[in-house]
Amino acid sequence: MNFRHVAADFRVVMRSYLRNPVALFFSLIFPIILIALFGLIFSATGSGPVTVEVLNLDHNSPVSREFLAALNNTSVVKVNVVSDTTVSPSNFASWLGKNDDPVGLIVPDGFAANYRNGTPTNLTVFTNPSDAASSGTVLGAVQGVANGFNLARACSGSVCAPVIGYTSENVGSQVYTYIDYLIPGLIGFSILTSPMFSMVDIASSYRKDGIFRELSLTPLTRAEWLLSRITWYVALTFVTAGIMIGAGVYLFSAHVALTLGLVPFLIVGPFFFVSLGMLAGTVAKTPESAALIGNIITFPMMFLSGTFFTVSSFPPYLQTFAHVLPLYYVIDGMNQVMLFANMSRALADLAVVLVAGLVVFALAVRLFKWRDE
Amino acid sequence: MRLHIFLSYPGPVSAAIEVHGLVKQYGNLSAVGGIDFSVPAGTVFSFLGPNGAGKTTTTEILEGLRRRTSGDVEVLGLDPWTDGAALHRRIGVIPQDFRFFEKITAREAIEYYRALFHTDVDPARLLAQVELLDKIDARFDTLSGGQKQKLGLALALTNNPEICFLDEPTTGLDPHARRAIWAVIRSLKGEGRTVFLTTHYLEEAELLADRVAIIHHGKIIAAGTPAEIIRANGRPERIEVAGPPELATYLEQHLDRPVAVENGRVSVELADKSDALKILGAIEASGLPWDSFQTSRDTLEDVFVRLVGQMDDGALKQETPR
Ligand SMILES: Nc1ncnc2c1ncn2[C@@H]1O[C@H](COP(=O)(O)OP(=O)(O)OP(=O)(O)O)[C@@H](O)[C@H]1O
Ligand SMILES: [Mg+2]
């Protein structure tokens, strides 16, 4: 291994890349687009209160107003009282259906009187089955407020404070939102995709254009050549990760811990995927089959390694599958260092990727040939 | 295999390339069908042959880029396939369809090779030698076909090679650029380097090569200096005049020589120089109109076309003089 050779080849790779406007655009702008897009999609649902359209048939009685105010105070729902002159109980459901966020609540006539008398009375909640998240939020909030009212009524006269209370906190050492989990996932996404797609392409096009033949006539070795590519993609990954973290912080006020623990993953990740891309491109006989093999390897990892969705939310058999995907360990490791400060698990993840990387690197150097037999 | 070393006496020049019984099979196709030749160090050897004859296959076997099926090959005393790494430091190669990194400039390409080979050539000086200095900062994808070939030649020279393998280096070049490459080849020879040159331009081989070999369907059909090949395979020197067919008939009756008519020109073979006066006398004596007298001899190209044509026609249908 001669590092002057690696450095000389690295300069060629870097210049080729920087002089290619399309490649440059994708590596600099694409990370921002990814963060912005997924940040917007996933923060639209989940965070922020769900609006509930309320039809109050109890003539604005003080108890019903108190109930709705308590509901509003949960901060997970936003109560919007609709006038009973525009909608009636019979067409409320169809009216809701025409809304953007069809979630509704009917407070029945005699709600306050029944509450005072201890007569059971029913609230009606309308939810949208296709939007499980907001339905669950509204049902939970209504149930919680109703329980509070029931308890208050049962205890009226005597003193009975709630025994079990709770305060809400997020996992990890800080308050995290979805975007904080998204950043390690999307960094992993670019560690996977940019080397895989371009190495598979390079492996076949360099062979076709005779570039490998040309290089075989120089003292550059295949290991040096591959190392120079890896170095380039490590550099690119640092830039991409920096852009993504910056975009996440700037656009969505993400809170990520910028620890040195991230650095090994930004090195070992590209090391593995550049080698894997080269290996895939080498075993393929034609550019078409190279692209196919590349896609077969890339696509499952793109979605099932914790890039956009956390693996723990998968059904068990998919979780098992995710655990054989190398990208899972890259992303999990970055989650551990950036969010949970769980260094021992991060180290285990790192070890898995490093060993896999060494194996794939050795195989790629062994199998790929400069020259025809 | 090593036997010839003991049998051959030490000559004034050692062989840079030795090939014995070289065979290359692609499945059923025998691209090279058992050829022998040797190239003395410091000489220019030209490999000629029609498309698909096996030139590039042979060249790439010598360069260590392809594996031979059988036969003995030594380049600078090394086996090109197994000692490729050692050989590649000592040879320079420009492949038939030279391509390089698209976005890299000529200067950067030479600097890259210079770093890989640990030499200290000056890119400007090298590019000036191949007349490409004006494109020193142009990217490869903006160069014309001929300029790319020139850059390939410059790169082949970055490691100060003992042998240069040039596979059709002048194909697609304009006449001026071709002469520039010829000058480079001559200077390579002047510096004591060996040049292995394939080309389709026979005048180029005739001008530059000390020795040529003509390969056809994987077999060498003629080898030697250009003059030797012409002497062995060409027709004798002729006297040619423009004139009517009746002139040919007249000359056939009055001279004991083969006479041919081609494209309105009548030609008579010369047995020796003193024939010339006798033939001219007979032409004048015929009283028929004649014009534009010249003597002609076969060029390497004439011989090449005839030899390859004969092989393709089954070697039977020979051009017989009338
Ligand atoms: N990789 C290959 N696989 C199969 N056949 C091949 C291969 N390379 C060359 N051939 C065949 O071998 C024969 C010799 O090819 P080669 O390239 O050596 O010809 P050439 O003399 O260089 O021709 P040209 O003047 O057109 O460059 C041709 O018939 C060609 O089709
Ligand atoms: Mg050829």
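Mentor: Let us take strand β7 (residues 194-198) of chain B, of which 5 of the 5 residues are buried, so β7(B) is largely enclosed by the rest of the structure. Here, buried means under 20% relative accessible area, taken with a 1.4 Å probe on protein chains only, and strands are DSSP runs of E with at least two residues, whereas helices are runs of H or I with at least four, numbered from the N terminus. This is a predicted model, in which local features need pLDDT of at least 70 and side-chain atom pairs count only at pLDDT 80 or more, while totals for chains, interfaces and linings use all residues. Residues are numbered from 1 along each chain as its sequence is written, chains are lettered from A and ligands numbered from 1 in the order in which they are written, and side-chain values use heavy atoms, leaving out hydrogens and water.

Both faces of the strand are covered: B:Thr194, B:Phe196 and B:Thr198 are buried on one side, and B:Val195 and B:Leu197 on the other.

The pairing partners come next. Two strands pair if DSSP finds at least two bridges between them. Strand β3 (residues 44-48) of chain B pairs with β7(B) in the parallel sense over 4 bridges, and B:Ser46 stands opposite B:Leu197. Strand β6 (residues 163-167) of chain B also runs parallel to β7(B), joined by 5 bridges, with B:Asp167 opposite B:Thr198.

Finally, β6(B), helix α7 (residues 175-190) of chain B and β7(B) make a right-handed β-α-β unit: with the strands pointing away from the viewer, the path from the first strand over the helix to the second runs clockwise.

Technical notes
Buried means under 20% relative accessible area, exposed over 50%, partly exposed in between (1.4 Å probe, protein chains only).
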